[in-house]
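Subject: Structure for your files, with notes on the sheet and salt bridges

Hello,

Here is the structure I said I would pass on. My notes follow below it.

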Amino acid sequence: MTRAWLAAVALLAGLGAGSAHALEGLAPGMKAPALSLEALDGRRVGFADFPGARAFLVVFWAGWSQKSPEALERAQKLHADLGPRGLVVLGVNVESPSLTADEVRAVGARARQLGLSFPVLLDRGLAAFHAYGVVAVPSSVLVGGDLTVLATLAAFPIAGREEFFDQVEAAVTGRPPSRPAAPRGPQPAVRAVRYFHLGRDLAARGQAERAALTPQKAVEADASFVLPRILLGQLLRERALAADEVQTGAGSVPTLRLGAA
């Protein structure tokens, strides 16, 4: 796992932990992106493999995330209790942008240690991580049988946790939630989110100059959206380090390429 990847996720996780939503650009009521990933046993598993599901609980997790074991243990309990009634739990591992064989073995060992009996999927290249706009690890996403996002939970906080799991049970049993949903804060403008994702994708492909043009457009679309400002700061830092290397003949520049190995 690269240090750059850890630094980026730690930064974003810190932002997401205090926010009302686990996802950027994807909120309850929207259609969930398609999901089909390689499982630990080598087969591909996704939403389409469970046509009769009443709801899906998707947990994004990683071995380096301190809260992930707790989130996975709760997911396992829900799988045992509600699986027979139509809940499908999928654990999406986001260990690193490029999973090594050792990391895959470690993921399997952690799944066995926790006694997970639901599918554990490997998000190679972090396609699902980016498609869902995850900003905190772990993050849990409740998706209805019609693939509509019903609720999200970022970073497994105490506040709002039980309300989220009450919604999981309600989605499966069909009863109204017994706990009122936690108040949700304002969401960034869709146009701002699109510019942010474009900038992040360009940076991941090494097109830093083009990527640097998008954060300002995102901020103009929504001045309260903080992630584009952080992305711009990262890009400017890399540019400054690169310029310094050229002038001083220093060693290689440690780059931060979001979404890349």
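Is Glu38 buried, partly exposed or exposed? Glu38 is partly exposed, at a relative accessible area of 26%, where buried means under 20%, exposed means over 50% and partly exposed lies in between (1.4 Å probe, protein chains only).

Two remarks on the source. This is a predicted model, in which local features need pLDDT of at least 70 and side-chain atom pairs count only at pLDDT 80 or more, while totals for chains, interfaces and linings use all residues. Residues are numbered from 1 along each chain as its sequence is written, and side-chain values use heavy atoms, with hydrogens and water left out.

The sheet

Helices and strands here are DSSP runs numbered from the N terminus (helices H or I, at least four residues; strands E, at least two). Two strands count as paired if DSSP finds at least two bridges between them. On that basis seven strands make up an open sheet of mixed pairing, in the order 2-1-5-4-3-6-7. Strand 2 and strand 7 (149-154) are at the edges with a single partner strand each, so one side of each has no neighbour in the sheet. From one strand to the next the twist averages 35°; axes are lines fitted to C-alpha atoms, for helices over the stretch in contact, and angles run from 0 to 180 degrees between N-to-C directions.

Strand 1 (residues 36-39) pairs with strand 2 (residues 44-46) in the antiparallel sense, over three bridges. Ser36 is opposite Gly46 of strand 2. The two strands form a hairpin with four residues between them, and Gly42 in the turn has a positive phi of about 95°. Strand 1 is also joined to strand 5 (residues 120-122), antiparallel, by two bridges, with Leu122 as the bridge partner of Glu38. Strand 5 in turn runs parallel to strand 4 (residues 87-93), with three bridges between them; Gly91 has Val120 as its bridge partner in strand 5.

Helices on the sheet

Contact means heavy atoms within 4.5 Å. Helix 2 (residues 68-82) lies across strand 3 (55-61) and strand 4, and runs at about 160° to strand 3. Helix 5 (residues 161-173) lies across strand 3, strand 4, strand 6 (139-144) and strand 7, at about 155° to strand 7.

Salt bridges

A salt bridge is a side-chain nitrogen of Lys or Arg within 4 Å of a carboxyl oxygen of Asp or Glu. The count by this rule is nine, including the following.

- Glu38 with Arg124: the closest N and O atoms are 2.9 Å apart. The pair links distant parts of the chain, strand 1 and the loop between strand 5 and helix 4 (127-131), 86 residues apart. Arg124 is partly exposed, at 40% relative accessible area.
- Glu162 with Arg74: the closest N and O atoms are 2.8 Å apart. This pair links helix 5 to helix 2, 88 residues apart. Glu162 is partly exposed at 28%, and Arg74 is partly exposed at 24%.
- Glu169 with Arg175: the closest N and O atoms are 3.7 Å apart. Glu169 has 35% relative accessibility and counts as partly exposed, as does Arg175 at 27%.

Regards
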